[in-house]
Amino acid sequence: METPPDHAYPDHWEADVVLRDGATARIRPITTDDAGRLVSFYEQVSDESKYYRFFAPYPRLSAKDVHRFTHHDYVDRVGLAVTVGGEFIATVRYDRVDEQGRSASVPADEAEVAFLVQDAHQGRGVASALLEHIAAVARERGIRRFTAEVLPANSKMIKVFRDAGYTQKRSFEDGSVRLTLDLEPTAESLAVQRGREQRAEARSVQRLLAPGSVAVVGTGRTPGGVGRTVLRNLLDAGFTGRTYAVNRAFDEDRTEIDGVPAVRSVALINEPVDLAIVAVPAGRVPEAVADCGGHGVRGLVVLSAGYAESGPDGRERQRTLVRQARSYGMRIIGPNAFGIINTADAVRLNASLAPEPPARGRIGLFTQSGAIGIALLSGLHRRGAGLSSFISAGNRADVSGNDILQYWYEDPDTDVALLYLESIGNPRKFTRLARRTAAVKPVVVVKGARHSGSTPPGHAVPVTAIPDATVSALMRQAGVIRVDTVTELVDAGLLLASQPLPAGPRVAILGNSESLGLLAYDACLTEGLRPLRPRDLTTAATPADFRTALGEALSDQACDAVVVTAIPHVGEADTAPTGPGTALATALREALTTAPPKPVAVVHVEIAGLTEALATPQPAGPAARIPAYPAAERAVRALAEAVRYAQWRRESGEPGKVPESIDDTIDESAAAALIARLLAEHTDPRGVRLAPADAHALLALYGIPVRPTLPAPDPAAAVTAAARLGYPVALKTTAPHLRHRADLGGVRLDLADEAQLRLAYRELTETLGGPDELRPVVQAMVPRGVDTVVRAAIDAAAGAVLSFGLAGPPSELLGDLAHRLVPATDRDVAGQIRSIRTAPLLFGWRGSAPVDTPALEELLLRVSRLVDDHPEIVSVTLEPVVVATHGLSVLDAGVRLAPPPARDDLGPRRLPSY
C-alpha cells in the first residue's frame, strides 16, 4: 500500500526526548523501510509482553502483520517508534474507529491505541513519552479520544494511562479493562508532563556532573595540551571515581599515564564509563563519539572547537555531532566548552580547564563563555566564595541553561544560581523554569549580546523583535535577578549565598567614616531603598565598637538590613598580631551570633585582609560569612537586588488571579468563529490587519468597547456625523503620518457646535492637506483624563507580551513602557501600571485627581485574556485609552491576525534541535 501523496511523511513528528533515567531516545513515525527493525524489535520482546499486547500467545509477526504495522496513512493509521542507536525499543499505534469500534476515517474522532515496549527498557518512562507524542499527533489529525483494551494484569500500562493526567473513564468488559482518554490537555496533564520533564532533564545533568568514571579522550602523550590538562585537573581535585586516559596514538604497550590506565580506545576499557571528556580535533570527534556510544558512555563534554562558531560548515558539523550523540542516548555539554566542576565531597570532579578549582560552596554557576567562566571563577575564588557546581556550555548545542535550572531546582547543594547567558534558545521555557526555581532559591542572570545582531555565531536562537529592556522586565516578572555586568553577578551572588533575605527596604548604615556612610546613604536612595540616618562611630572606633553598634542595629525592629562602612583604624589596635582585618571580621561575626538574622554587607577602603577574613570564619570562632565590597554603590546595589527579590518571593507565595467577573462579558466561542471567518477571507500567510469595524467587533466580544468614529470626507459629512454622535465632538485625521500626533495639529477637540466644526475642518484641510490625504473622522468627546496606550504582541521568542504606558512622548520618545508575559494576573497588571516612571500622573500628581486605575487594570486583563485565548491574534493596539476619574474610553484600536504560530512550550516533551 502506497502512502497517499497528500499525506507525506510528517517529519515534524520526529523528536529527541530525555527519558526518566536521563538518557536520550528518538521518537519518529514508522515507515515502510522499518520492516526489518520491527521484526528484530519484536523478537526481543518477552512472551509475557507479547501476551499483554495481543491478549494471546503471539511468538512472531506474520508477513501480513509486518505490512500492517509498517504501512500508515499518517491520518487514520499512525505508528510511532522509539529508537536508540537506530533500533526500535518501543512502538505505539493508533487506528481511527467509529462508535462501533470499526475502522473509520475523518470525521470520526476516536481511535484505538496500543503500546509495546521491550522488557529491557520498561521502567524508563518510554511509554509515557510515547503517549504524549501520539496524543499530540492524534489531536493534529482531529482525534479527540483514545480507547485502549488492557488486561488487568498489565498494571504497568494501566498506570501509564492513569498517571497521564487526561480526563479518563474506566470500565471492565469481557475480562479486560477498557480505558477511554479525552485527549484535550488539562491543567493536570500539563503539570504531569512538566514534572516528568523536570525529573528527566535534571537526571540527565546529574549523570554528567556526578559520574562514577571518566575517560579523557585525547589525553596528550606529553605534558600540556587540552586533554592532558583536564586529566591533571581531575587528579588534582581528587576525583572519587575511576579515571582513564584515551588516545589512539598511544603505543600499544603503554598501560598508564599520570598514574591512571591508558588505552587507545574507550572500547578497550573493561568497565562501564559514565562520562567522556572529548579533547580531539573536530575532524576526529565523530570517531570518538562512535567509540564512546558503542561502549555505552552516558554523556560527553566536548571541548573541541571548530563548530558553529566557525561558520556554516561548522554549524552543520555541530548538528551532525548532536544527532550522532543522541542516537546513542548521550547528552552533550559543548562543543567548544570549557568544562564542568562538581565540588561535592562524594564526587570532587574538575573536568575543566580552570587553572584554579573553586572551593566547595553553595553557589551554582553556568556560563556560555569560557573566558567569562575563567573570570567568574577567579573573582569568586578571590573573594572567598565556593561553588557547588560549574558548567561552561560553549555553543550549548544540547545541554543549555534550561537543563541546568532543572537540575539546580532540587539540588540540595545549591542555594543560589548564577548564569551568564549570551543567548536563550527557548525563552518561554526559560521564563517558566526560572520562575519555578526563583520561588525556592535566587536566580541571578547577566546577559551578554543584548543588542540586535550580536548573538554569538555559535548559538542558533529564535529571532526576537522585542528590545532588551523588555526582556529584562519579563525576567523580573519571573523573579529573575537581572544584572548588567559579571561584577554585579558576583556581588549579588556573594550576598545571596551568605545572608538571609531582607524583610523589607529599611537599611541601617554604621561605620567609622562619615563620608563613606553618606555615599552608602545616597546609594540606598538611588536604588529605591529606605536608609536610616547613618551612624558615625568616628575614626577612633575599635572592633568592639563595631560589634556593639552592629548588634544594636540588627536588634532594631525598624531595620531590615545593615551596611557597615569601614576605613583603616588609626590607633593602637592596628598593631594587633592578627591584623586589623581579622580583628574587625571577628567582631562583626560575633555580633551576628546573638542578633536576629538580617543581611549584613561590609564596605571597606584598603583594610588589609578584611575581605578574606570575613569570607573565611575562624575554626574556633563564629561561622558566619559576611560579603565585603570595595565601593558603597556595589554593596547597596547587591542589597537592593536582594530586597526586590525577597519582595517577589513574598508576593509569589500568594499568586495573582484573574477575577471571575470579567467572564460574564466575554464570548470566547463567538470570537473564535469571527477570527476563523476573517482569516478564511484573507489567505496571506503573513496575516491581515483588520478593518476598524471588524477590530471593534472582535474587541467588543471581550468587553472592550471602542468609541465609534464616523468618516468625514467633506464638511457636510462631518456635520452629519456630529449630529449623529452628539456635540461636543473631536475632529481627527487618520492619515498614518499624522495618527496620534496632536502636536502637529491633526486633532481638534471640544468642538461645541456646527460652526466650530466647520471652522476646524477648514483650518485642518488648509494647513495639513486635502481630505483624501488626511482621512478626517469625527468622534464624540469623552471625559478628560490621562492618555495611555495598551498593546499586546506575539514575539517569536518570548511569546505573548502585554505592554502599557502613557501615550505620546513618554512611551514613544522615552520608552517608558512596562511589560508582562501573557496570561497576566491581577497582581501582574497592578504592578505593571505602577512600574512606569510616569505612573505618578495616574495617582494624583501635583494635586490632580487620581484616575480610575481599577478600570485600567480590568482592561489590561481583558486584553491579556483575548490574546491568550486566541493565538491567531498576533497584535493588539489600543491608543489612546483615556483614563478618567471614573471609567475609561478606548478611542482607537488596531488588531492583526495571522495563522497561529507554533508553540514549542505546550506540545509534548522534546529536546531542541538547532
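Student: In what order do the seven strands of the mixed open sheet with β17 and β22 come?

Tutor: Bear in mind that this is a predicted model. The order is β17-β16-β19-β18-β20-β21-β22, with mixed pairing in an open sheet.

Student: Why is one side of β17 and of β22 left without a neighbour in the sheet?

Tutor: β17 (349-352) and β22 (481-483) are at the edges, and each has a single partner strand, so one side of each has no neighbour in the sheet. As for the twist, from one strand to the next it averages 15 degrees.

Student: OK, zoom in on the pair β18 and β19. Parallel or antiparallel, and over how many bridges?

Tutor: Parallel, over six bridges; β18 covers residues 360-367 and β19 covers 387-392.

Student: Switching topic: what's the strand order in the open sheet that has β11 and β15 in it?

Tutor: That sheet has seven strands with mixed pairing, and they go β11-β12-β10-β9-β13-β14-β15. The edge strands are β11 (256-257) and β15 (331-333), each pairing on one side only.

Student: How many bridges join β11 to β12?

Tutor: Two, and the strands run antiparallel; β12 is residues 260-263. There you'll find E256 opposite P261 in β12.

Student: Where does helix α8 lie?

Tutor: Helix α8 (residues 285-295) lies across β9 (213-217), β13 (275-278) and β14 (299-302). The angle between α8 and β13 is about 170 degrees.

Student: Last stop, R689. Which strand is R689 found in?

Tutor: R689 is in β29, which spans residues 688-689.

Student: Does R689 count as buried or exposed, and why?

Tutor: Exposed, because its relative accessibility is 51% and the cut-off for exposed is over 50%.

Student: What does R689 touch, leaving out residues up to four places away in sequence?

Tutor: R689 touches G894, V895 and R896.

Student: And how far is R689 from Y645, C-alpha to C-alpha?

Tutor: The two C-alpha atoms are 40 Å apart, with R689 and Y645 separated by 44 residues along the chain.

Methods. Residues numbered from 1 in each chain as written. Predicted model: local features only at pLDDT ≥ 70, side-chain atom pairs only at ≥ 80, totals over all residues. Heavy atoms only, no water. Pairing = 2+ DSSP bridges. Helix = DSSP H or I, 4+ residues; strand = E, 2+ residues; numbered from the N terminus. Axes fitted to C-alpha atoms, helices over the stretch in contact; angles between N-to-C directions. Buried < 20%, exposed > 50% of the residue type's maximum accessible area, 1.4 Å probe, protein only. Contact = heavy atoms within 4.5 Å.
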